[in-house]
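This report goes through a structure that may be new to you. Please look over the sequence and the model before reading on.

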There are 2 protein chains.
Amino acid sequence: MKEKYMISSTKFVVKKLKSFIDLTDNEISTFSSMPSRLITLSAGREIVHEGQRAHNAFILLDGWVASYKLLPDGTRQIIDFQIPGDFLGLRSLLLRTSDHSFEAITEITIAEVSAQNIKSTFAKSPRLASAILWAASRDEAMVVEHLVNIGRRSAIVRTAHFLLELGIRLNLIGVGTKNSYPCPLSQYLLADALGLSAIHINRVLRQLREQNLMTFQKGIVHFDNLEKLIELADFQVGYLDQDEPIIRNDTGHTGH
Amino acid sequence: MKEKYMISSTKFVVKKLKSFIDLTDNEISTFSSMPSRLITLSAGREIVHEGQRAHNAFILLDGWVASYKLLPDGTRQIIDFQIPGDFLGLRSLLLRTSDHSFEAITEITIAEVSAQNIKSTFAKSPRLASAILWAASRDEAMVVEHLVNIGRRSAIVRTAHFLLELGIRLNLIGVGTKNSYPCPLSQYLLADALGLSAIHINRVLRQLREQNLMTFQKGIVHFDNLEKLIELADFQVGYLDQDEPIIRNDTGHTGH
DNA sequence: CGCCGTCTTGAAGATTCTCAACACCAGTGG
DNA sequence: CCACTGGTGTTGAGAATCTTCAAGACGGCG
């Protein structure tokens, strides 16, 4: 019965991975049967990750998470939000990474997977490994996009861009529609992600509303005029789309 | 004689890699003998990279490069600067990455290496592969740090932080001293990297000078009061140091 | 010499922040 | 049932930060 639960609860991850590489049923079951420990955490809890040395990673099965860095003056910068299907701490397992904290925004369910099990799963199925690495590298590309967003775009463009990006990501895992999605983020969280104050976020959202471009109220993001919004936000879908990697199911280590 | 030239001109890369993993002479010569095409470009030239599909990468042997993204309003955000020993386009070879442009800031010498040759070199020497991947992943960590820098730090702290980081990076390849280094960046370039206007950069540099913290004039960065500057900038050395990766000379594909 | 890129400074203006106050709602305990 | 509380959203007013426009200085280089 645990098995059954796993299969149903990995649906978001599987959907996401499939959007990158069309996995076979066999590969999917290899993935779903990866030994893991299910953990449920309530909103506001921190996901402890004991630095870079932790020999495990987490798959976010349900709920939303924020990864962030605290600054000495008490402010914080949210690096990115994780939605169902995303990995937590995978990068710090594979590569060096600036260590940051994770906080549950909603109640969440995560599956803890040991580095050892990830390695053996990668060995069992190179195409699966490729899909996972490819998904992880998309997250890297998003960080660069956020850098551009915060560095050079005005508050209104920045906000629009960010909420559009979230919409695309949610679409990939089958949540929401083209014009609307549920969003549990408070204006404070949005502010910390966009490098703005919550009060200014509020004003910006009002502007977007008054210009009939989009609304974000009561936990629902709705795009009223998607076309004009994409134009305003200078939104390029390129960095989120499903192109194939150049070096696929081996990164060069195995030679040929 | 090309061989000989290569050996001398790879000294920065070797120095950098050695700071991550103590490579043997054998491994170093494997690296230095990697077939490559030397290219010299004058300042201001763009390094053409034909999108993500390019089956090659570059090693920056000498000079400085900026990687950046242009925005439709003509402004740009510089993602990072590359200094001698850094790789260009390696990530887009291994992983997906938001594609950006490269521009030579000074006259530069780069070595073009094909994906094929990188793969076979990685196969020949796993420890070398590990060192290179580890170096590349440090650059990822820096992007996150830049995000925090731009998102949540004031102009003066941001500038100080960035110039300190550059100093550490240059020290790793044996350029400059603890308190001083040559820096070919114009105030315009610095502005585009920090998400500020060049005029404001100028004022910020003056403030730093007037507070006897540091100077940046005539192409020389000098730290007058390193300790106070590090405190002001909230600078953590952690993400640049030389810790070992968790998964070393294989990323999991080869099993164990 | 003249030109161009860079640095510098002033002044005005735009964007964004901080402080403060209030509305709303869900939950909680009396 | 109601008062209280804490989290969130909203709005106003003033202040700080940063940008834009404008002008001039300096140095390298054709």
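## Surface near DNA strand D

Helix 9 of chain A and helix 9 of chain B each supply at least two residues of the surface near DNA strand D. The model described here is a predicted one. Helix 9 of chain A gives the most to this surface, with 5 residues. Around DNA strand D there are 16 residues, and those that come nearest are A:Gln187, A:Asn202, B:Ser197, B:Ile199 and B:His200. By class, the surface near DNA strand D has 4 nonpolar, 8 polar and 4 charged residues.

Several polar contacts involve the phosphates of DNA strand D. From chain B, a polar backbone atom of B:Ala155 is 3.2 Å from a phosphate oxygen of DNA strand D, and an N or O atom in the side chain of B:His200 is 3.3 Å from a phosphate oxygen of DNA strand D. Sugar or phosphate accounts for 59% of the atoms of DNA strand D within 4 Å of the protein, and the rest belong to bases.

## Surface near DNA strand C

DNA strand C is surrounded by 15 residues, of which the closest are A:Ile199, A:His200, B:Gln187, B:Asn202 and B:Arg203. Of the atoms of DNA strand C that come within 4 Å of the protein, 59% are in sugar and phosphate. The residues of this surface divide into 4 nonpolar, 8 polar and 3 charged.

Both chains place polar side-chain atoms by the phosphates of DNA strand C. In chain B, a polar side-chain atom of B:Arg206 lies 3.2 Å from a phosphate oxygen of DNA strand C. The elements giving two or more residues to the surface near DNA strand C are helix 9 of chain A and helix 9 of chain B. Helix 9 of chain B gives the most, with 4 residues.

## Helix 8 of chain A

Helix 8 of chain A spans residues 187-194 and is mostly covered, with 6 of its 8 residues buried. The buried residues are A:Leu189, A:Leu190, A:Ala191, A:Asp192, A:Ala193 and A:Leu194. Their cover includes strand 5, helix 6, helix 7, helix 9 and strand 10 of chain A, together with helix 6 of chain B. After helix 8 of chain A comes A:Gly195, whose phi is positive, near 70°.

## An open sheet in chain A

In chain A, 4 strands form an open sheet in the order 1-8-3-6, with antiparallel pairing. Strand 1 and strand 6 of chain A stand at the edges and have a single partner strand each, so one side of each has no neighbour in the sheet. Strands of a sheet pair through backbone hydrogen bonds, either parallel or antiparallel.

Strand 1 of chain A pairs with strand 8 of chain A over 5 bridges, in the antiparallel sense. In this pairing, A:Leu38 has A:Ala111 in strand 8 as its bridge partner. Helix 5 of chain A lies across strand 3 and strand 8 of chain A, and runs at about 75° to strand 8.

## Chain A as a whole

The secondary structure of chain A comes to 10 helices and 11 strands. Chain A has 256 residues, and buried residues make up 62% of them. Among the contacts in chain A with a separation of 6 or more, 74% are between residues 24 or more positions apart.

Methods. Residues numbered from 1 in each chain as written. Chains lettered and ligands numbered in written order. Predicted model: local features only at pLDDT ≥ 70, side-chain atom pairs only at ≥ 80, totals over all residues. Heavy atoms only, no water. Buried < 20%, exposed > 50% of the residue type's maximum accessible area, 1.4 Å probe, protein only. Contact = heavy atoms within 4.5 Å. Near = heavy atom within 4 Å. Polar contact = N/O pair within 3.5 Å; in protein donor to acceptor, adjacent residues only side chain to side chain. Nonpolar A, V, L, I, M, F, W, Y, C, P; charged D, E, K, R; others polar. Pairing = 2+ DSSP bridges. Axes fitted to C-alpha atoms, helices over the stretch in contact; angles between N-to-C directions.
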